[in-house]
Amino acid sequence: MSFWRSAGFWINVLLVAIGGAVVLLIHQDTLRETVFTILMFVILASSLNIIMGLTGYVNFGHIVFFGLGGYFGFFLLSQLGWPLYLCMIAGGALSVVIALVVGAAVLRLRGAYFALATIGINEAARAFVANFAPFGGATGLYVNFSAYNAYGGSSKALWWIFTLLWIVTIITVVVCYLVKHSRFGLGLIAIREDEDAAMVMGVKTPWAKTAAFALSAFFPALVGTLYFFKNGNVEPEDAFRFQLSLEILVMVMLGGKGYVLGPIIGALAYERLRGVLLVSPLFKNLHLALSGAILLLIVLFMPGGLVGWVRDRLPRLRRWLE
Amino acid sequence: MFAHLSASLVDGLLIGFVYGIAAMGLSLIWGVMRVINLAHGATMALGMFCIYGLFTKLGINPYLGVPLAALLALLFGFLIYGVALHRVMQSGYLYTLLATFAVNMIIIGVGTTLFTTSPRNVDFSLGSLQMGSEILLGTRLVAAVASVVITVALYLFLYFTRTGKAIRAVSNNRAAAELMGISSTQVLALSFGLGTMLAAVAGGLTATFFPFTILSGGAYQLKSFVICVLGGLGNPLGALFGGLILGALEGIVPVFMPVSWVPVVEFGLFVLVLVVRPTGLMGAK
């Protein structure tokens with residue numbers, strides 16, 4: 001375990017650590033909101049990368065864990081008055097349990113069949129939550145404004161939420177790096193390259209796939225709880241946005257799947273790109289089509305994403321870009 | 001109760017025929033190309049808008065519009081194959097999945113801008129037929145009959161023409177088919193075109209009796225997956241059978257529970273069949 005001596009590790013961690021720290025120092029509200037979105041995307045994309053980039057299983061329903069975990073955390077927070085950090089962990093725990101149960105069943109399917117199964121999960125989860133009375137049904141849940149007082153008023157609470165998100169981002173990136181360079185991660189990569197060969201080489205594939213799925217489910221739930229607490233409410237339409245699930249997928253592909261740096265670069269680039277497109281009157285409505293065009297171009301011409309492309313062109317940088 | 005049940009069952013079965021056509025396209029593409037076409041629903045929605053446009057703008061009868069839409073869809077399928085799929089056919093399922101998915105995003109994105117997401121409907125009626133205590137809508141009867149005709153035509157094409165035999169040969173073993181002098185690129189493009197055509201036809205027929213938006217395709221695509229899995233992925237004729245099962249379910253389920261539970265039931269069934277018997281109820285071992 002000599003990851004602290006590796007340049008690739010520090011580049012990834014410092015990128016998000018410094019990014020967040022600068023915002024905390026400047027202490028400006030609009031900047032915080034922008035960076036909040038970026039960090040949120042980084043966490044969602046990095047966690048998707050564990051199952052999609054390393055294990056090679058496309059998950060079209062990654063946002064389900066954000067929705068369900070966030071719903072549960074928000075439920076504990078708003079209805080039972082639990083402290084925020086406990087709610088996050090409880091939401092994450094529920095997410096992991098769901099991923100273990102769903103994964104044990106669905107991950108028996110290979111490749112394309114698994115991807116098929118994940119397409120409907122989002123719709124099913126939304127339909128379920130919209131009919132589930134304790135979560136407020138179709139109208140969702142609200143937090144009492146006094147809940148923010150525990151954190152010194154709503155303005156201070158927003159900064160506190162941002163700080164927590166920043167810490168979660170750093171943890172996510174560190175975990176992704178450690179997973180990729182561990183024996184477990186090598187097993188996952190072996191599954192991606194050839195599942196049968198991996199089995200022959202002694203990788204316990206059903207166990208490894210389910211564990212990777214559960215791990216990828218943990219972090220979105222933390223983000224979900226923070227995001228809904230920041231908004232003060234949660235409703236099914238906002239929690240299970242299929243489009244967001246797709247955008248995360250595009251971010252992973254854009255940055256480069258399978259690299260720890262990929263989702264970070266992808267999230268940053270995609271958020272900036274979207275920001276530019278959303279304000280331009282011509283492209284405002286077309287941004288889904290443009291995401292699709294970007295995805296198609298990457299799939300056809302740059303399958304390694306931005307990071308993979310640079311690594312191919314400049315082999316000397318490979319040590320730095322992991 | 002019984003009359004109500006049988007009425008909604010018959011209604012569901014008639015719609016099931018149309019679902020079967022859509023699923024047949026998906027199944028054909030998977031069977032021949034080993035590609036899961038995630039742009040299938042979007043193509044269906046395009047078929048709906050094609051019929052809608054021809055009917056409202058040019059006043060063309062929807063049933064004359066369907067063959068025209070089918071032709072356009074065939075060409076559109078060739079285009080998608082050439083632009084998005086041909087390059088990644090050898091790269092594994094991850095890339096073909098993502099490529100068709102990107103096409104889906106492009107169609108939906110452009111479609112949303114052009115047509116907005118407000119619901120449309122083709123205001124066309126063929127009257128209705130009274131059978132005992134049940135009323136059958138004429139448009140649904142015609143759609144069901146058209147679906148059967150298309151299925152028979154597809155069967156005849158696949159089993160009794162030279163091109164159809166080439167498609168089945170590529171589906172069985174692409175390398176061997178190439179050694180026999182079949183150009184697999186042409187066959188793959190044709191299969192994708194035919195699959196897209198079936199989607200557009202199903203969309204066009206659906207448009208005559210259900211309101212729709214550009215996003216409606218997504219729900220039908222999900223149904224098509226369920227049907228394909230029921231009938232066996234890669235078995236186009238099994239798809240009609242799967243469509244009937246799903247249609248019947250859709251007819252029966254709302255009698256016993258709220259309509260909002262239908263997607264939950266469908267998806268539950270989908271995952272159950274995928275996990276227990278991924279080759280489908282009628283699929284090969």
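User: Which residue follows H9(A)?

Analyst: This is a predicted model, in which local features need pLDDT of at least 70 and side-chain atom pairs count only at pLDDT 80 or more, while totals for chains, interfaces and linings use all residues. Residue numbers start from 1 along each chain as its sequence is written, and chains are lettered from A and ligands numbered from 1 in the order in which they are written. Helices (DSSP runs of H or I, at least four residues) and strands (runs of E, at least two) are numbered from the N terminus. The residue that follows H9(A) has a positive phi, near 85°, and is A:Gly232.

User: How many of the 27 residues of H9(A) are buried?

Analyst: A residue is buried if 20 or more other C-beta atoms, placed from the backbone, lie within 10 Å of its own C-beta, exposed if 12 or fewer do, and partly exposed in between. By this criterion H9(A) is largely enclosed by the rest of the structure, so the number of its buried residues is 20.

User: In which helix of chain A is confidence highest?

Analyst: Confidence is expressed as pLDDT, the predictor's value for each residue from 0 to 100. Chain A averages 88, with 99% of the residues scoring at least 70. Its lowest confidence is in helix H5 (residues 111–130), at a mean of 79, and its highest, at 94, is in helix H9 (residues 205–231).

User: What ipTM does the model score?

Analyst: Chain B averages a pLDDT of 85, and 95% of its residues score at least 70. For the model, pTM is 0.84 and ipTM is 0.83.

User: What radius of gyration does chain A have?

Analyst: Chain A comprises 14 helices and 2 strands, and its C-alpha trace spans about 55 × 45 × 45 Å along the principal axes. The radius of gyration is taken over C-alpha atoms, and the globule rule is 2.2 Å times the number of residues to the power 0.38. A compact globule of 322 residues would come near 20 Å, and this agrees with the value for chain A, 19 Å.

User: How compact is chain B, judged by its radius of gyration?

Analyst: Chain B contains 11 helices and 2 strands, arranged along the sequence as α-α-α-α-β-β-α-α-α-α-α-α-α. The globule rule gives 19 Å for 285 residues and chain B is close to this, so it is as compact as a globular protein of that length, with a radius of gyration of 19 Å.

User: Which elements give two or more residues to the side of chain B that touches chain A, and which of them gives the most?

Analyst: Two residues are in contact if their C-beta atoms, placed from the backbone, lie within 7 Å, and 31 residues of chain B are in contact with 33 residues of chain A. The elements giving two or more residues to this side of chain B are its helices H4 (93–115), H9 (216–231) and H11 (262–276). The most, 15 residues, come from H4(B).

User: How many residues on the side of chain B that touches chain A are nonpolar?

Analyst: Ala, Val, Leu, Ile, Met, Phe, Trp, Tyr, Cys and Pro count as nonpolar, Asp, Glu, Lys and Arg as charged, and the others, Gly among them, as polar. On this side of chain B, 1 residue is charged and 4 are polar, while the nonpolar residues number 26.

User: Which residues of chain A are in contact with B:Ala102, leaving aside its neighbours within four places in sequence?

Analyst: A nonpolar core is a set of buried Ala, Val, Leu, Ile, Met, Phe, Trp, Tyr and Cys residues joined through C-beta atoms within 7 Å. The largest has 206 residues, and B:Ala102 is among the three that touch the most other members, with A:Val223 and B:Val201. Besides B:Ala84, the contacts of B:Ala102 are A:Gly292, A:Leu295, A:Leu296 and A:Val299.

User: Is A:His27 buried or exposed?

Analyst: A:His27 is found in the loop between helices H1 (7–26) and H2 (29–54) of chain A. Its phi is positive, about 55°, although it is not a glycine. With 9 C-beta neighbours inside 10 Å, A:His27 counts as exposed.
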